[in-house]
Amino acid sequence: MNELDSRKCKDHACKLPSPHEGNCFLDPLVVIDYTNHQGSRRVRRIAPMKILFMASPPWHPAPEWLLGAIDADDGKHKFFPMRNIHSWKAEA
Ligand SMILES: [Zn+2]
């Protein structure tokens with residue numbers, strides 16, 4: 001669970017709110033247009049961490065690709081099903 005411990009930023013250039021889960025993030029954030037499992041669609045700013053395939057995700061009956069990322073709004077690590085990401089672009 002160390003990866004998910006909240007931590008204060010050590011690098012003043014970090015793009016995430018302090019404290020946040022995961023490591024500090026210095027690269028451009030990514031803006032996604034995303035619909036969550038409750039059907040709420042909106043634009044979010046995220047720091048992508050990894051992409052993985054889960055054979056039986058607890059929240060969905062079928063295997064799927066997931067994007068693990070830190071949400072730049074609240075600093076929390078979340079999984080975003082790739083099928084629900086409508087668009088993707090890096091921030092300038
Ligand atoms: Zn940080």
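What percentage of the 92 residues of the protein count as buried? The figure is 12%. Buried here means that 20 or more other C-beta atoms lie within 10 Å of the residue's own; exposed means 12 or fewer, partly exposed is in between, and C-beta atoms are placed from the backbone.

## Model and numbering

This is a predicted model: local features need pLDDT of at least 70, side-chain atom pairs count only at pLDDT 80 or more, and totals for chains, interfaces and linings use all residues. Residues are numbered from 1 along each chain as its sequence is written.

## Overall build

The protein has zero helices and seven strands. Both kinds of element are DSSP runs, numbered from the N terminus: helices are H or I with at least four residues, strands are E with at least two. From the N terminus on, the order reads β-β-β-β-β-β-β. The radius of gyration is 13 Å, close to the 12 Å that the globule rule gives for 92 residues, so the protein is as compact as a globular protein of that length. That radius is taken over C-alpha atoms, and the rule is 2.2 Å times the number of residues to the power 0.38.

Along the principal axes, the C-alpha atoms fill a box of roughly 40 × 30 × 20 Å. Among contacts with a separation of 6 or more, 37% are between residues 24 or more positions apart. A contact requires C-beta atoms, placed from the backbone, within 7 Å of each other.

## The sheet

Strands of a sheet pair through backbone hydrogen bonds, either parallel or antiparallel. Here five strands form an open sheet in the order 6-5-4-3-7, and the pairing is antiparallel. Strand 6 and strand 7 are the edge strands, each pairing on one side only. Neighbouring strands of this sheet are turned by 45 degrees against each other on average, direction ignored. Axes are lines fitted to C-alpha atoms, for helices over the stretch in contact; angles run from 0 to 180 degrees between N-to-C directions. Pairing requires at least two bridges found by DSSP between two strands.

Strand 3 (residues 30-35) and strand 4 (residues 41-54) are antiparallel and share six bridges. They form a hairpin with five residues between them. Glycine 39 in the turn has a positive phi of about 85 degrees. Tyrosine 34 has arginine 42 of strand 4 as its bridge partner. On strand 7, tyrosine 34 stands opposite isoleucine 85. Strand 3 and strand 7 (residues 85-90) are antiparallel, with five bridges.

Strand 5 (residues 64-71) and strand 6 (residues 77-81) also run antiparallel, joined by five bridges. This hairpin has five residues between its strands. Glycine 75 in its turn has a positive phi of about 75 degrees. Glycine 68 has phenylalanine 79 of strand 6 as its bridge partner.

In soluble globular proteins, nonpolar side chains tend to be buried together. The largest nonpolar core in this model has ten residues: Leu16, Phe25, Ile32, Ile46, Ala47, Leu67, Ala69, Ile70, Ala72 and Phe80. Strand 5 gives the largest share, three residues. Such a core is a set of buried Ala, Val, Leu, Ile, Met, Phe, Trp, Tyr and Cys residues joined through C-beta atoms within 7 Å.

Phenylalanine 80 belongs to this core. Neighbours within four places in sequence aside, phenylalanine 80 contacts Tyr34, Leu66, Leu67, Ala69 and Ile85.

## Leucine 66 and proline 81

Leucine 66 lies in strand 5. Leucine 66 counts as partly exposed because it has 18 C-beta neighbours inside 10 Å. Beyond four places in sequence, its contacts are Leu52, Met54, Pro57, Phe79, Phe80, Pro81 and Met82. Methionine 82 is 16 residues away along the chain, yet the two C-alpha atoms are separated by 5.4 Å.

Proline 81 lies in strand 6. Proline 81 is also partly exposed, because 18 C-beta neighbours lie inside 10 Å. Outside four places in sequence, proline 81 contacts His60, Glu64 and Leu66. Leucine 52 is 29 residues from proline 81 in sequence and 9.8 Å away, C-alpha to C-alpha.

## A cis peptide

Serine 18 and proline 19 are joined by a cis peptide bond, with omega about 0 degrees. Proline 19 sits in the loop between strand 1 (6-7) and strand 2 (20-21).

Technical notes. Contact = placed C-beta atoms within 7 Å.
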